Protein chains: 2
Amino acid sequence: MNELEIIEIIKNTLKFSNENIVKGIGDDCAVIKLDNNFYLVATTDMMIKKTHIPSILTPYEIGGRVLTANVSDIASMGAKPLAFLLSISLSKEEANEDFIKGLYSGLNDFSKLYNCPVVGGDTNKGDELILSGTAFGITKNPIYRKGEVGDDICVTNDLGRVYCALFLYYKLKYNKISYKEFEKFCQKYPKIIEKLRKPIARVKEGLLMNNFINGCCDISDGLGKEITYFKNFEIYSDKIFKLIPEDVIEFCEEFNLNPIEVVLNSGEEFELLFTTSKFNKVKDVVKNHSKIYKIGKIIEEGQFIDGEEFYGGGYIHKW
Amino acid sequence: MNELEIIEIIKNTLKFSNENIVKGIGDDCAVIKLDNNFYLVATTDMMIKKTHIPSILTPYEIGGRVLTANVSDIASMGAKPLAFLLSISLSKEEANEDFIKGLYSGLNDFSKLYNCPVVGGDTNKGDELILSGTAFGITKNPIYRKGEVGDDICVTNDLGRVYCALFLYYKLKYNKISYKEFEKFCQKYPKIIEKLRKPIARVKEGLLMNNFINGCCDISDGLGKEITYFKNFEIYSDKIFKLIPEDVIEFCEEFNLNPIEVVLNSGEEFELLFTTSKFNKVKDVVKNHSKIYKIGKIIEEGQFIDGEEFYGGGYIHKW
């Protein structure tokens, strides 16, 4: 069984809803109407040590990361973060003062950065480290994963570094390179490692562009998977190429990787993928925080890259 | 290290808050001000198969239980449930259609019962079954764990059955009784097993009594632990005795248990423990749903049972 089959069963079984629920399963956040003026948005994200947390991350970085992964979904709805809750399962290995102080210091610092206080949680004893976060936000105008025909499809900043960082990490993990070599590459490509260690959710950007975009999601599973949620689109590799920073190009040359493949499969970037008919306006309102790039357009029918049918990418859990 | 030491480190590390947060860590729910009219309350509860889920529960019952445990915290704040999110880690054992359909059917049915739709989640692959739920609700008047001097301390319905059910379950688990004997006891004490299998959160009661009580919590860790959150109190065993149903008395006689100890240590009951100066009014407003009983009073200073110092009870995780 894979993740998609399981989610299909879940969707078919969970039939109950009520008049408050504007959006249930199927977007970055659930959307609940509070009154005529505003909506609560909510999301949950679970990180399991073995599958989600590279062992090179420090406790501080793990804390920042779990908050960022959740808050990024709030940002992608164009909403203002309200608060965060963290349930945690600690194994014997992590049940010590150093680990806990580190983890919660990271959480605290990033909660300040996003103005999203950590207001509660549940602490448990388990066999492995598991962090399950829930973030809430509020907005007058929730932005969904969609676009209107003719809209530009755009991305904030850059993509690809996280893929490269994990590429190095797996080389280390499966003993293809020594720790010394790993460190040498980290020094050679500092920004690549930095984006894995300290990703940032685009909260300010989401709020600033809210009124000028038609749709948005965050890039957590890779552009190749996320773009498919917009249903009908054409994207172009020469435009995507502009998203790729110099160091990723150099890295791809060194390790013989295809940079477009790297960008399409680079997850946990937490950049925003959005659709707009007001590109220049968006560019202007976010200019103090992020650059934005067009990669294609929403079309009537079909999914294309460089005029050819698009086959996607991204990661799917399998049991 | 134990749970309390870990929570102390967490509280000391998580220093950031803002003007919206009325209550962070330290009550059944966090309380966030939305505007002058109402408050969002939110709680998270994690269930790990090995430590929290008796193996006699069906997938359907596990689904109902995780929702009930979370919604019960919303009820104890006197709030109206809004929605629920569930992150789940499935091992190979549970990644099959029967388990998932059963679990989410239980979740769906109980979400209808509480008018609390399941609006999202995150599905992951892990080594053991872990369910991490987050419920949120809304209220004009959040009720905290407190009381005013002279208030009656009261409990809804009855206590003790869950302790007895788990007592039987552990006898089975550690081979003190056969499965046949276990089944025989289940038939003899059907309501005892029923309260373990299908506990109910007191949502209607919390809403109805909201305006007439001073403080409230739900009984998830046992009366002996929960009562201590009210700081200064005197309780009486003859009054507590009235909370004990006939079948629990009979069970205690059969297994040579002290019924007062049983009541003090019976967790996951999800009854409400509350303080009020308007006992008769509360009794009247909830009369179609639950009975209520006085067990003592809030006093100026100290914690007493039958005039002697009170030493508590309840369960604390240790690593």
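This is a predicted model: local features need pLDDT of at least 70, side-chain atom pairs count only at pLDDT 80 or more; totals for chains, interfaces and linings use all residues.
1. N256(B) sits in the loop between helix 11 and helix 12 of chain B, and its phi is near 55°, a positive value in a residue other than glycine.

2. A positive phi also occurs in chain A, but in another setting. E268(A) has a phi near 55°, and it too is a residue other than glycine; its place is in the loop between helix 12 (259-264) and strand 10 (272-276) of chain A. E268(A) is buried, because 22 other C-beta atoms lie within 10 Å. A colleague checking the backbone may wish to view these two residues in turn.

3. As to confidence, chain A averages a pLDDT of 95, with 97% of the residues scoring at least 70. For the complex, the predictor gives an ipTM of 0.92 and a pTM of 0.94.

4. Helix 11 of chain B, which spans residues 246-255, has V248(B), F251(B) and C252(B) buried. Seen down the axis of helix 11 of chain B, these buried residues fall within an arc of 100°, so they line one face of the helix. An α-helix has 3.6 residues a turn, so residues three or four places apart point the same way. On the other side of helix 11 of chain B, E246(B), E253(B) and E254(B) are exposed. The buried residues of the helix pack against helix 5 (161-173), helix 7 (190-197) and helix 12 (259-264) of chain B, and just after the helix comes N256(B) with its positive phi of about 55°.

5. The contact between the chains takes 64 residues from chain A and 64 residues from chain B. On the side of chain B that touches chain A, the elements giving two or more residues include helix 1 (3-13), strand 3 (39-48), strand 4 (80-90) and strand 6 (130-139) of chain B. Helix 4 of chain B gives the most to that side, with 9 residues. By residue class, the side of chain B that touches chain A divides into 30 nonpolar, 23 polar and 11 charged residues.

6. The largest nonpolar core has 188 residues, of which V41(A), V41(B) and A42(B) touch the most other members. Leaving aside residues up to four places away in sequence, A42(B) touches A83(A), L85(A), V119(A), G120(A) and F136(A) in chain A, and C29(B), A30(B), T134(B) and F136(B) in chain B. In soluble globular proteins, nonpolar side chains tend to be buried together.

7. Chain A is divided into domain 1 (3-139) and domain 2 (152-309), whose C-alpha centres lie 22 Å apart. Between them, 18 residues of domain 1 of chain A are in contact with 19 residues of domain 2 of chain A. Helix 3 (59-76) and strand 4 of chain A are the elements that give two or more residues to the side of domain 1 that touches domain 2, and helix 3 of chain A supplies the largest share, 10 residues. That side of domain 1 divides into 8 nonpolar, 5 polar and 5 charged residues.

8. One residue of strand 4 (residues 80-90) of chain A is L90(A), which is buried because 24 other C-beta atoms lie within 10 Å. L90(A) and D218(A) are 128 residues apart in sequence, and their C-alpha atoms are 29 Å apart in space.

How values were computed
Residues are numbered from 1 along each chain as its sequence is written. Chains are lettered from A and ligands numbered from 1 in the order in which they are written. Two residues are in contact if their C-beta atoms, placed from the backbone, lie within 7 Å. Helices (H or I, at least four residues) and strands (E, at least two) are DSSP runs, numbered from the N terminus. Ala, Val, Leu, Ile, Met, Phe, Trp, Tyr, Cys and Pro count as nonpolar, Asp, Glu, Lys and Arg as charged, and the others, Gly among them, as polar. A residue is buried if 20 or more other C-beta atoms lie within 10 Å of its own, exposed if 12 or fewer, and partly exposed in between; C-beta atoms are placed from the backbone. pLDDT is the predictor's confidence in each residue, from 0 to 100. The arc is that of the directions from the helix axis to the C-beta atoms. Domain bounds come from an automatic or database domain assignment. A nonpolar core is a set of buried Ala, Val, Leu, Ile, Met, Phe, Trp, Tyr and Cys residues joined through C-beta atoms within 7 Å.
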